[in-house]
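Reader: Please take me through the annotated active site in close detail. Keep it brisk.

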Amino acid sequence: LSQFLLSGNLHGGSVVASYPYDDSPTHRPTGVYSKSADDEVFKYLAKAYASHHPIMRTGKPNCPGEEGETFQDGITNGAQWYDVEGGMQDYNYVWANCFEITLELSCCKYPPTSELQQEWENNRESLLTFIEKVHIGVKGFVRDAITGAGLENATIVVAGIAHNITAGKFGDYHRLLVPGTYNVTAVVMGYAPVTKENVEVKEGDATVVDFSLQPTVVAPDPNLTQFTATPAPLSTVTPSVAQAEPPGTTSLHRAVQPVDFRHHHFSDMEIFLRRYANEYPSITRLYSVGKSVELRELYVMEISDNPGVHEAGEPEFKYIGNMHGNEVVGRELLLNLIEYLCKNFGTDPEVTDLVRSTRIHIMPSMNPDGYEKSQEGDRGGTVGRNNSNNYDLNRNFPDQFFQVTDPPQPETLAVMSWLKTYPFVLSANLHGGSLVVNYPFDDDEQGIAIYSKSPDDAVFQQLALSYSKENKKMYQGSPCKDMYPTEYFPHGITNGAQWYNVPGGMQDWNYLNTNCFEVTIELGCVKYPKAEELPKYWEQNRRSLLQFIKQVHRGIWGFVLDATDGRGILNATISVADINHPVTTYKDGDYWRLLVQGTYKVTASARGYDPVTKTVEVDSKGGVQVNFTLSRTDAKAEEGKVPVLNTPDTSDPNEKEFETLIKDLSAENGLERLLLASSGKVSPYRYRPYKDLSEFLRGLYLNYPHITNLTSLGQSVEFRQIWSLEISNKPNQSEPEEPKIRFVAGIHGNAPVGTELLLALAEFLCMNYKKNAAVTKLIDRTRIVIVPSLNPDGREIAQERGCTSKIGHTNAHGRDLDTDFTSKPETKAIIENLILKQDFSLSVALDGGSLLVTYPFDKPAQTVENKETLKHLASVYANNHPLMHLGQPGCPNKSDENIPGGVIRGSEWHSHLGSMKDFSVTFGHCPEITVYTSCCYFPSAGQLPGLWADHRKSLLSMLVEVHKGVHGFVQDKSGKAISKATIVLNEGLRVYSKEGGYFHVLLAPGLHNINAIADGYQQKHMKVLVRHDAPSSVFIVFDMENRIFGLPRELVVTVAGASMSALVLTACIIWCVCSIKSNRHKDGFHRLRQHHDDYEDEIRMMSTGSKKSLLSHEFQDETDTEEETLYSSKH
């Protein structure tokens, strides 16, 4: 679509310039000034037209029947004049970057021809002046700071104006503004935003403001569908025998050769690729990295024994063909190679070993548009060489010596993004027109043909020779005697710049901007040979193509691991002494560094860790594994202070794999990779009233019964159900070891955006279960509860486009559920059935009316025990939203509101009592954040797709975040799980172990104190380090209480033993004494017996009285009234 900036919509029936908005939320017929965020700009534009029109500028059109109608300065706000719903000028402003006004040019809608000349005279200067205004404001480019490429669809935010625009396909933007001083921010997903402050806009031409944005991490992986655990590293320095180079012939086995020798046009190539992906699904995966100018897919065929997965420690290799569209041999050879690898896997040892040990990516055509223009038989021509925009793609990459002035092309940008996505180690770019392997550098700072040596010149020469030695004609070095009789390349290789200077080449960009070493291979003197010659090319290059792939295993490889937990360290640096070219580790801490034979000092370093250096011997055979274990820089400072934590056994591959998943998704662009790899497009496009919502939820339950459970928590005042949808691999079953997260929306019925976002989230999760590995694992390991509409009664009466309307805000009894949370039918339902269960780890509430996140407490002057954690959770949501984290909601009537980071404590924003989040924290022992999804309470349904796009990453981030913090298990020494143990964190926050002894608490990254208390056991104290990208596990084993009555157990036992001995001895002495007396005084007892009967009656009476007295005291009801007490005394 065209990027229109300014527009005029010409009408008739009056003489006035009308500007947005054309209608208002109330739709009153007239008299309501409906102000847009750019009201000053629109007034400026309208006046520019009106002031040059002789009638319009008077403000008095004097139209028949409307003689009294006047417009100050000849302009008017559309809705103030009269309400027009569905007008074009508003659409332009809301849905595009275009500012449009409506120009009423004459009272007569269809004037006589004789008046047209005068109408031209009246409007000529106005029309020209209005066109000139397209140049006002600020303009410039938003570019990638590393590649210099323009960033398409970058968002341009002007502080204080709640209306953003987006950059064009080359990163170009233009933002209309009236004269003044502004703060302007450029935002792109995957890049750190940049703000230019105090930008001065003057009358006339726009102020030029360019932005250079730093990528926050490598580009998203469009095929992140599975995750693998890091295998246990092998010994520190071990030769890799399996990857040793085989002898010249593979084996006695006779490999199956390709039979498909013909030129493949795009449709034919597409069918070929799909066919092999379909026939060999266990070792292939067909994907696209982008589109050409003419929208042809840039296909890549992955060949691996585990397609779609980066296996830790396994290097990745790529071939690219047909970069110049008329150089076609590489295209056909790569199709032959795909056929060869597929047909021989499992039967040919060489191919099988190669596919099992290497992840191979093959792009047959980088320039499919140019190919379609080229012609068979072309020997040295240029037709079809360039892309459809007529740019040479091998002069289009950012260059180290020269500024590339040509605009970056779609094919170039797609490939650069692709190379940032995968950890490629080695690559070759297949060309035609000569017969030689060309290695970096391709140019030099002087721009002349001279040897331009890279730091890895020796490695590149070895790589080039590995190809040329297997191609007899190439190795001879005099390839095209009839075309270039003087051209000679010793051993068939050459330094690129020494041959001829190529600024903007792809191979140099690979080496300088990624970990990948690339060479350029010229495959033949004729660029587009006849089809019958293609078998000859295959035979000449077959061994070379295979031998070159094997070079990916040379040099050193291994893992860089964290000494604390054994996890791989992402983006650690591997440096080789005297070679100024470091490489970095991938997500499992795995790395590959190509080297020739020799002895090297290799250093692994990472931010926050002490570097480690090792001396390594590299031989001429295969690669050498060298692992590094790095200690944290601050580890020694904590040594001796923190007890060693007993952690559960994480050797379980499933546990390790899931931890890797959480780490991957926590990395920059991890969630983007998940979204790109997801199946099924979910995009809300309309609002669902209660009936539709109920049917939608039932539909999810009926279609996905194995992972959903739909229940009613209760009913609203008007007897609508409060639905709760659980998503889990074992719905409605107790799994205390899994974290539980709650999403709640619609507490205010007039803010239904949250409801639609949660319905979209539910559908997204269900659709991707068993389709996307990351989503599947999240559902398998999480109990997700979604309450999409807590106030269905209010929702039923709320009105769409009611941006500020309070209709539906309360329940049917007029009570705001978020200020009176405990006593209403709706809130009672969620309190009793969810919150007071006290088994949730996190709750996220969605509301509307701004663009920010609040954390507890909403109640004023409330001490927040866990403030850093609550603020951290809110920040995770805000930071994953493209605009929220900027902290400038820009809502109407609050355009100057500034919320740092988009996060604020509830009581500091809108303080109130009786909120849901405060109740959740206080009585549910669950942290809750409130997300305000948009400035408008009830925006038009047309904005829902954009709102979903903005919030989906943030919503998914909560599913990742709920797995972090501290996961624990409490038991005694006998192995008995202890439930209801008290876990005190940082001397304040308390949680309790659940059934089975499990507990889980979310905590901000950092060091935290833990005190564990259980009756009858010794108190446990420890510290735990919480990471930002992984859960921390704590295994608490209680000892029996060692004190009785406050005294040491040993002392009490000793004293008790001594006491018992003394009692026994005393009893023995008394018995002996009594026995002696009994014999001596027997006669005395006889004399006393005569009084026995007299005493017996007396004793019986005393005994009975004392029993009555005792019973009446023991069972007396302390709650008796005075009257009951008096009655008892009378009897």
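**The active-site annotation**

Author: Glu522 sits in strand 21 (residues 517–524). Strands here are DSSP runs of E, at least two residues, numbered from the N terminus. The UniProt record, an unreviewed entry, lists Glu104 and Glu522 under "active site". UniProt positions are given in the numbering used here, feature names are shortened, and annotations may be inferred rather than shown by experiment.

This is a predicted model: local features need pLDDT of at least 70, side-chain atom pairs count only at pLDDT 80 or more, and totals for chains, interfaces and linings use all residues. Residues are numbered from 1 along each chain as its sequence is written, and side-chain values use heavy atoms, with hydrogens and water left out.

Start with Glu522. Glu522 is buried, at a relative accessible area of 6%. Buried means under 20% relative accessible area (1.4 Å probe, protein chains only). Leaving aside neighbours within four places in sequence, Glu522 contacts His431, Gly432, Gly433, Ser434, Leu435, Val436, Met474 and Trp499. Contact means heavy atoms within 4.5 Å. A polar atom of the Glu522 side chain lies 3.3 Å from the backbone nitrogen of Gly432.

Now Glu104. Its place is in strand 4 (residues 99–106). Glu104 is buried, with a relative accessible area of 6%. Residues up to four places away in sequence aside, Glu104 touches His11, Gly12, Gly13, Ser14, Val15, Val16, Met56 and Trp81. The Glu104 side chain reaches the backbone nitrogen of Gly12 at 3.3 Å.

Technical notes:
Helix = DSSP H or I, 4+ residues; strand = E, 2+ residues; numbered from the N terminus. Buried < 20%, exposed > 50% of the residue type's maximum accessible area, 1.4 Å probe, protein only. Polar contact = N/O pair within 3.5 Å; in protein donor to acceptor, adjacent residues only side chain to side chain.
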